[in-house]
Amino acid sequence: MLRIWRNNQLHALRPNLWDGLAFLIVILLFALLAFAATQMATPYHVGEALIIHLNPSYLPYYALRTVLRMFIALFFSLLFTFIVGALAAKNKHAERFIIPAIDILQSVPILGFLSITIVIFIALFPNSILGPECAAIFVIFTSQVWNITLGFYQSLKTLPYDLKEAASMFHLSTWQRFWRIEVPFAMPGLIWNIMMSMSASWFFVVASEAITVNHQNIFLPGIGSYIAVAIKEAHFSAVAYAIITMLIVILLYDQILFRPLIQWSERFKMDVSNEKRPTALLVLLLNKTRLLHYLGSFFAKLFVLLTSLRLGQSIVALERETSRSRYTQITVWLYYCLILTLCLIAIIALARFIFHSLTVSQVLQVLLLGIYTTIRVVVLIFLCSLIWVPVGVWVGMRSQATQIIQPIAQFLASFPANLVFPIVVILIVKFNLNVEIWTAPLMILGTQWYILFNVIAGAASLPKELCLAAKNFNVKGWLWWRKLILPGIFPFYVTGAMTAAGGAWNASIVAEVVSWGAHTLRATGLGAYIATYTATGNFPKIALGISVMCLYVLLINRLVWQPMYNLAQKRFQLY
Amino acid sequence: MSEKLIELKSIKKIFRNDPQQELLVLEDVSFSMCEGEIVALLGRSGSGKSTLLRIIAGLIEPTAGEVYYRNKKVNGPVHGIAMVFQSFALMPWLTVLQNVELGLEALGVKKEERRQRALKAIDIVGLDGFESAFPKELSGGMRQRVGFARALVVEPNLLLMDEPFSSLDVLTSDNLRNDLLELWEEGRAKLKGILLVTHDIYEAISMADRILIFDSNPGKILHDLPVHLPRPRDDELPAFKNLLDKIYTLMTSSSSDIEAETKIDLSYRVPDAQVSELIGLLETIEYEEAEGALDFSYLAEIVQLDVDELLALTEVLDILHFTKSQDGGIHLTEAGEKFANADILEQKKIFARHLMQYIPLVKRICDVLRKRSNNKVSKKYFLAELEDYFSDEDAERVLRVIIEWGRFAELFAYDDNTGKLSLENPE
């Protein structure tokens, strides 16, 4: 039976011009990454200065190192996700522990960790730069992994029951089921979360490359270190170069990696959507090449080969009558005992560690600092909402404006705002502004865009009929806002504001203490407290600061955002 | 007598959500099916017939009793049994060809053979030319054809079908049914038997050699009817119509038994019936009714409802004493007549009176509300009470239906934000 497959129409085997171009790009990418990887493992001793050159010609190399760190972290995030996320979705005992743990880890200020983890990693790789390198990668990992894992877990939990049944009926093994059913089903969410995580982690990559251990500065080659040195030397044009480089890098990885991925993941969606697909240069290129097609189908074949291994049991009744053996009962019981013991040990250890060298009044002092930072976050979210909600609605109601503004807002959200901090610092120093007030906007600089693009998305998805109905009844002015727009965009706004607030907390660690050359501006707040003691390596105080920040973030999440989110889900979701 | 394909021996299934809560879904179900037979399991939704199908498929383990496939006990999914799903259950990320190949891949069939067999199966179900399409590009009927191809490609002896046509429109399902029958008659698919779950009487008669009528609460086989009509079966023939009427009679008498045999109490599983549907049906009956009772088969035709939906409505009307169904026919009671002719405000009053009188749960809610000083009670209170009788999901559903009725009758009000029920007119 001879048939023509739509997927590979072989008109000619001869490679074309596009083949050459695409081939070059792929080879180049591999070569560059390999080169950067060899640089990571060079010998190094703590105390040895790693020189960062401010000459812009070094910037592409630094950018490469930074990007490599991100992808290594991403690799581990995915590994973690596939193991832990799947475990949580399939074993209810594991689920009970993993999901709340991740929920908490999500709100932990990542940057505070750096000074603690680096000590561990330097001990692990004593005479190599790998120690600080791993510490930086670990920070990036922690900034990426949680929402990817949670997203994957949620996808697995919502896997339609009939697909599971079909898989059982057709005797798919556990391994096959995971790769052929579960991972593909989770794919659109997975890609989306990876994208969000990558955007968020730019911020941390920049902050984690310049590390201070025991009063010793380590500058890992990368954009973050570059900008740290530029700030130290008050080198304005270097800061500008770094910003430009960053813009280019983000544009490139968006075009080369994410747009193609999103376009590809469309096929994994369960239902047909009329959304406009993002176009990507690389996809256009790919569609024109044949060589890459072969390369692609080679990897696809490899994937199929690996995933169709018949590992694990294949004959599974989905619902067994519950007749648990004594043995499993004991295992489960032991498991809970272990978790309980670990929790107790952790509480005691933490309390002893903190109170060993600190007094109650110091703790109260830190709690007070937390309130200052809370006030900043609340005021900032409020101000940003006042500005961006009307703008977002205006843009969202006009489809042409949306098409232009929306990608820009998303782009700005992924741009590491700490790169532009120096500009603000220069302004504050120059005009002699109040440090307590004017450093605050730095916290929200990077995350305000989440409010904007969520509001745009909300306004754009309002059904046209509703707007027409409002017009028909002559609903105008404040009434229009109150009865139509604000309820309409509420679920989107809550998502945006929640993300923005979470980001602001994290950013406070780098935003409350900023410097430019010899000037160092220090605001009063929890972020400044953590940053200060991180620089001097005072571990009990860092631990206290982080614990208090966790506490605040968790309390606010539970008391403010969670109820608002639930309300949005229940009341304001358009059926 | 040809060989036994499957045999069920006193299957019983209890669902347990938590230790205190047990739901008897199937009780003492026994039957066997021989090679060369198409058997239809006909019953109303929630009667446990889909659960039974999954027990036969080895997807669910029975609480008691055994399933034998060709004299071998079924302990999990068996080679030789394939299934077609109501919702198709196709992998959206795989093309038609890949979807069909999936089952073979899991069996470890070599690539060449796999492709050849998949193409043949696609050919058999008439999907030629769609091999590289993704399921979302296809219409419902075409998707179900993929479902058939995927099931047939593993060359099963027994094909299980769980309401395979019920999510398709009338024309498409007719077309697909005929194609499947043709395939069966010509013996192209090497099938030895088909077991079909359906709630569509018409579908059961036009396909099956035997119809097993299922009763609900708990599910059990009520009647085992052989169908001796020549194929293709013309629904205009008197024999077809007689059988249709007979089955309606059997099914309605089984449902009206509920009222006669068991007293209706809090544990009564209220069917999904919206107020507007109930009123609409009453008014239709009033309009159509000439003398004596109205035939169910005729009523089903004019209101364009399948038996499942229709019986849910008439059951409620019977219980509320607005109608009386017997022997496959239905007629209005005096109260029903009055209701149908009343205006909406009057209808509300009559409805309220009958709810209070005949639905114990409504009365119970009103009593509890009256006892409270502020006349307000959380919905959770009643849910907890209902969970003694139903699964959580069913309890939610029953209460939702009751709340809708109560709101219409202006007996009580409900605030979804606070989740509180309150008395409409506190005394």
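## Questions on a two-chain model

Trainee: Is Gln21(B) buried, exposed or partly exposed, and why?

Mentor: Gln21(B) counts as partly exposed because it has 15 C-beta neighbours inside 10 Å. A residue is buried if 20 or more other C-beta atoms lie within 10 Å of its own, exposed if 12 or fewer, and partly exposed in between, with C-beta atoms placed from the backbone. Please keep in mind that this is a predicted model, in which local features need pLDDT of at least 70 and side-chain atom pairs count only at pLDDT 80 or more, whereas totals for chains, interfaces and linings use all residues. Residues are numbered from 1 along each chain as its sequence is written, and chains are lettered from A and ligands numbered from 1 in the order in which they are written.

Trainee: OK, and which strand does Gln21(B) lie in? What is it in contact with, leaving aside neighbours within four places in sequence?

Mentor: Gln21(B) belongs to strand β2 of chain B, residues 21–34; helices (H or I, at least four residues) and strands (E, at least two) are DSSP runs, numbered from the N terminus. Once neighbours within four places in sequence are set aside, Gln21(B) is in contact with Arg16(B) and Glu387(B), where contact requires that the C-beta atoms, placed from the backbone, lie within 7 Å. Gln21(B) and Val227(B), which are 206 residues apart in sequence, are 40 Å apart in space, C-alpha to C-alpha.

Trainee: Switching to sheets, what is the strand order in the open sheet of 6 strands?

Mentor: The order is β6-β7-β8-β3-β9-β10 in chain B, with mixed pairing, and two strands count as paired if DSSP finds at least two bridges between them. The edge strands β6 (81–84) and β10 (220–226) of chain B each pair on one side only. On average, neighbouring strands of this sheet are turned by 20° against each other, direction ignored; the axes are lines fitted to C-alpha atoms, for helices over the stretch in contact, and angles run from 0 to 180 degrees between N-to-C directions.

Trainee: How many residues of β8(B) are buried?

Mentor: 6 of the 6 residues of β8(B) are buried, so the strand is largely enclosed by the rest of the structure. In a regular strand the side chains alternate between the two faces of the sheet. Here one side of β8(B) carries Gly193(B), Leu195(B) and Val197(B), the other carries Ile194(B), Leu196(B) and Thr198(B), and both faces are covered.

Trainee: What about the open sheet of 3 strands?

Mentor: That sheet, also in chain B, has the order β11-β13-β12 with antiparallel pairing, and its edge strands are β11 (294–295) and β12 (323–326). β12(B) and β13 (residues 329–332) of chain B pair over 4 bridges, with Thr323(B) opposite Leu332(B). Helix α10 (residues 307–319) of chain B lies across β12 and β13, running at about 120° to β12(B).

Trainee: Over to chain A, how many helices and strands are there?

Mentor: Chain A has 22 helices and 4 strands, and 38% of its 575 residues are buried. One of those helices is α6 (residues 161–169), whose buried residues include Leu163(A), Glu165(A) and Met169(A). The cover over the buried residues of α6(A) includes α7 (174–208) of chain A together with α1 (49–57) and β6 of chain B. Just after α6(A), His171(A) takes a positive phi of about 60°.

Trainee: Which residues have the most contacts inside the largest nonpolar core?

Mentor: They are Ala242(A) and Val455(A), in a core of 239 residues; a nonpolar core is a set of buried Ala, Val, Leu, Ile, Met, Phe, Trp, Tyr and Cys residues joined through C-beta atoms within 7 Å. Not counting residues up to four places away in sequence, Ala242(A) touches Leu59(A), Ile223(A), Tyr226(A), Ile227(A), Ala230(A) and Leu419(A). A second, separate core of 21 residues includes Leu355(B), Ile365(B), Leu411(B) and Leu421(B).

Technical notes
Two residues are in contact if their C-beta atoms, placed from the backbone, lie within 7 Å.
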